[in-house]
Amino acid sequence: MRHGKTINHLGRTASHRTAMLSNMASSLILHKRITTTVAKAKALRKFVEPLLTKSKNDTTHSRRLVFSEIGNKEVLKELFGTVAAKVAGRPGGYTRIIKLSQSRLGDNAEMCIIELVDFNETLLEAKNAGEAKAATTRRSRRGAGKKVEGETSAEVVAEEKPAKKAKAATTEVSAPEDTATETLKDGETREEKAAE
């Protein structure tokens, strides 16, 4: 049983695991998207999201804390420059894991793409298009637009109800009247009856 085991050791020693996660975080920050296994991506998310949160506060202390985890000055510049500006308004959830349908050929491991949410241009364009469409299409509740100045909502409702009753009355009047039917005698067909 795995009670209380919060860290996925990924089959590595602690030093190997931290070095691997540091390198993966550097690659993710530089390239904005990497392909890896699902287990490593979930471990990387836990590692890199606190670093992204620290990058929102651009102080010497936060730079030193992030540098102690990553250890690459070029990545530090990219993180505190480009990435921090994009994630500044986001309260958390900076990464997205997208599972791929193909597994790795050698060991059949589940593969995925982990990416920074604010740098996926195609999804951002689709979201902005959806928001623009939602802004232009406005749906309101029934009768909300019929209110006239000086009237209360009870008066508007009282005006709507007689109109509905009148519509129902016209449908009843416009229904066709019943036509008379004639019964046929034993062995008689309709054609014979019509000929008579």
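The expected span of a helix is taken as 1.5 Å times one less than its number of residues; helices (H or I, at least four residues) and strands (E, at least two) are DSSP runs numbered from the N terminus. The model is predicted, so that local features require pLDDT of at least 70 and side-chain atom pairs count only at pLDDT 80 or more, while totals for chains, interfaces and linings use all residues. Residues are numbered from 1 along each chain as its sequence is written, and side-chain values use heavy atoms, with hydrogens and water left out.

Helix α4 (73-87) comprises 15 residues and reaches 20 Å from its first C-alpha to its last, close to the expected 21 Å. The helix bends by about 35° at L79, the bend being the angle between axes fitted to the seven residues ending at a position and the seven starting there.

Buried residues (under 20% relative accessible area, with exposed over 50% and partly exposed in between; 1.4 Å probe, protein chains only) in α4 are V75, L76, L79, F80, V83, A84 and V87. An α-helix has 3.6 residues a turn, so residues three or four places apart point the same way. The buried residues of α4 pack against α1 (14-31), α2 (38-55), α3 (60-70) and β3, contact meaning heavy atoms within 4.5 Å.

A nonpolar core is a set of buried Ala, Val, Leu, Ile, Met, Phe, Trp, Tyr and Cys residues joined through side-chain atoms within 4.5 Å. The largest has 29 residues, and L28, I29, L44, V66, L79 and V83 have the most contacts inside it. Two or more residues of this core come from each of α1, α2, α3, α4 and β3, with α2 giving the most, at 8 residues. Leaving aside residues up to four places away in sequence, I29 touches V48, I70, V75, E78, L79 and V83.

Strand β3 (residues 110-116) is largely enclosed by the rest of the structure, because 6 of its 7 residues are buried. Strands are paired if DSSP finds at least two bridges between them. Strand β1 (residues 33-37) pairs with β3 in the antiparallel sense over 5 bridges, and T36 stands opposite C112. Strand β2 (residues 95-103) is also antiparallel to β3, over 6 bridges, with S103 partnered by E110. The hairpin of β2 and β3 has 6 residues between the strands, and N108 there takes a positive phi near 60°.
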